Amino acid sequence: MARSTNRRRRAPFGARVLGARDQGPRQLRLRVQLLLTGLLLVTNVFGALVVFVVNMWAIPSPDPTREMVIALAIAVPAYVLLGVVVGVLAGTAGAFRALRWATQPGVDPSPAVRARALRVPLWLTLIQFAIWAAGTVLFTVLASVIQPSRALGTGLTVGIGAIVVSGVAYLVTEFSLRPIAARALSDRRVTGRLRGVGVGPRMMLFWVTGSAAPVTGLLIAAVLALTRDEATLDQLAIVTIVLCTIALLTGALITTLNTRAVVAPILSVRDALQEVEKGDLDVDVPVYDGTELGQLQSGFNAMAAGLRERERIRDLFGRHVGHEVAAAAAAVRTGEIPLGGETLTASVLFVDLVGSTTYATTHSPAEVVAMLNRFFGVVVDEVTARHGLVNKFLGDAVLAVFGAPVEAADHAALALACGRRMAERLAAEVPEVGFGIGIATGPVVAGNVGHEQRFEYTVIGDAVNSASRLTDLAKETPGRVLAALDSVASAAERAEGEAGHWVADGERLLRGRTEPTPVAVPTR
């Protein structure tokens with residue numbers, strides 16, 4: 001995984017030689033110009049050498065005459081030089097006029113300018129083909145005038161060379177311009193083919209240039225050899241060896257380049273998917289292909305953006321209602337979230353401030369907000385640390401639940417421990433106001449209350465009312481924490497350690513009750 005991530009960062013466009021995504025305009029221009037010039041130059045020189053070898057030794061034609069040798073010695077270097085100047089230098093210079101926006105800082109190109117930039121590989125390929133097509137006509141006519149018996153072989157070899165060189169030129173040009181294409185597609189969703197040929201037609205095209213064209217040359221050479229009465233077995237063997245070697249080399253070259261062009265975008269998406277699988281949603285891939293492969297890259301980026309937005313909403317939802325409630329709601333299929341709830345036994349903790357109204361009249365709003373944030377911070381920290389749910393913020397009071405919506409066998413012990421620790425921290429961290437904490441355990445109904453279009457998760461039951469009433473009494477109790485003795489008894493059944501921190505403190509008559517409630521307070 002680490003190797004995939006590092007590789008993607010070092011080679012975001014599929015090869016380190018293409019540089020980083022954030023390289024400067026000057027560096028990008030120099031890099032792309034050197035790559036284009038160098039690769040097209042090598043392609044043309046390689047094509048010329050292949051044509052020369054095939055024409056001299058692999059085509060069953062009469063040996064060239066002295067006049068033909070002299071003419072070729074003059075015409076071939078001159079035309080190759082002209083082709084290099086026109087095709088490589090002039091072609092790349094023209095291409096960079098269309099790409100100037102990508103190599104200048106602060107330029108926001110129009111859609112038409114971006115589309116023209118994406119067509120540059122095809123345009124440069126057509127220039128290469130035109131130069132080689134003109135060379136095919138020129139050398140065929142030259143052979144027809146000086147040595148007609150070599151005209152057919154010359155036309156065939158140069159013509160096939162034109163096809164092969166054009167195919168290679170398209171691949172190397174598209175490769176060199178990936179950083180430019182990425183900038184042209186940086187803020188655009190690729191939903192259809194924008195340039196070039198699709199993956200299927202591309203495979204057929206490069207089968208023609210990498211396999212069909214060389215094999216066709218081999219077939220034609222065999223036919224020419226059969227039509228010559230003086231052809232010997234040794235000549236046929238030489239022709240076969242040379243042409244098969246060239247066919248294998250050109251086929252391997254075209255296949256390798258084409259494979260890298262197709263696989264590189266797929267690998268970029270694969271590596272990014274592995275990062276998403278590990279939980280890193282802040283990831284995207286550079287979109288540098290205008291075909292179906294670009295749709296794949298762009299589709300991944302849209303998916304990652306959707307996942308980031310979904311996670312942001314999920315986090316926000318969890319902050320509002322509690323992550324346990326959010327997780328339970330997310331587990332229910334869309335449209336099937338029921339209203340109502342289930343009856344279960346849970347522990348409820350209620351905490352309320354004392355003197356907050358007086359504090360607000362003598363302090364600025366900013367100071368009041370800061371105090372409330374410290375108060376809520378302590379409450380949320382302690383409840384969350386014990387897997388409770390902060391169910392409601394009620395002005396300067398908080399209702400927390402333990403054992404719902406996620407059941408916990410030791411919910412009473414968790415609520416009691418939370419109340420003790422919360423009281424200690426509030427006394428130390430929010431000393432400017434008082435507080436009261438009440439804890440009760442009993443049956444509650446926990447579920448969604450409201451309308452099917454707008455509801456909230458809450459708990460309703462006698463334990464909630466008891467906790468609220470105990471909170472009022474706790475404000476006048478030393479330590480400011482009161483728990484129903486039933487909570488301590490329930491904790492003793494599940495977690496004896498926590499029950500040992502509490503001691504019975506008589507009975508209290510809760511507001512609205514006719515019978516007193518046994519209570520407990522933390523031991524001193």
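I took a contact to mean heavy atoms within 4.5 Å. With that rule, I found that residues 24 or more positions apart account for 74% of the contacts in the protein with a separation of 6 or more.

**Ground rules.** I noted that this is a predicted model, in which local features need pLDDT of at least 70 and side-chain atom pairs count only at pLDDT 80 or more, while totals for chains, interfaces and linings use all residues. Residues are numbered from 1 along each chain as its sequence is written, and side-chain values use heavy atoms, with hydrogens and water left out.

**Overall.** I looked up the elements, taken as DSSP runs numbered from the N terminus (helices are H or I, at least four residues; strands are E, at least two), and the protein has 17 helices and eight strands. Of its 524 residues, 45% are buried, where buried means under 20% relative accessible area, exposed over 50% and partly exposed in between, with a 1.4 Å probe and protein chains only. The protein exposes about 26200 Å², and carbon and sulfur atoms supply 62% of that area; accessible areas come from the Shrake-Rupley method with a 1.4 Å probe, and for residues only the protein chains shown count as cover.

Grid points are joined across faces, edges and corners, and a volume is the space filled by probe spheres set on the points. The count comes to three cavities of 30 Å³ or more, and the largest cavity has a volume of about 270 Å³. Of the 23 residues that line the largest cavity, Val50, Val54, Ile160, Gly161 and Ile246 are the closest to its centre. I see that α2, α6, α8 (199-227) and α9 (233-277) each supply at least two residues of this lining, with α6 giving the most, seven residues. The lining of the largest cavity divides into 17 nonpolar, six polar and no charged residues; here Ala, Val, Leu, Ile, Met, Phe, Trp, Tyr, Cys and Pro count as nonpolar, Asp, Glu, Lys and Arg as charged, and the others, Gly among them, as polar.

**Second largest pocket.** Its volume is about 430 Å³, and of its 20 lining residues Ala48, Val51, Val76, Val80 and Phe139 lie nearest the centre. Two or more lining residues come from each of α2 (25-58), α3 (66-98), α5 (120-146) and α6 (151-176), and the largest share, seven residues, comes from α2.

**Two residues.** Thr43 is found in helix α2 and is buried, with a relative accessible area of 8%. Thr43 touches Val165, Val168, Ala169 and Val172, not counting residues up to four places away in sequence; the C-alpha atoms of Thr43 and Ala169, 126 residues apart along the chain, are separated by 6.7 Å. I placed Arg386 in the loop between α13 (365-385) and β2 (389-394), and Arg386 is buried as well, at a relative accessible area of 18%. With the same exclusion of residues up to four places away in sequence, Arg386 touches Phe402, Leu414, Ala417, Cys418 and Arg421.

Key:
On a 1 Å grid over the protein atoms alone, a cavity is a set of points where a 1.4 Å probe fits but cannot get out, and a pocket is an open set with protein on both sides within 12 Å along at least five of seven lines; lining residues have an atom within 4 Å of a point.
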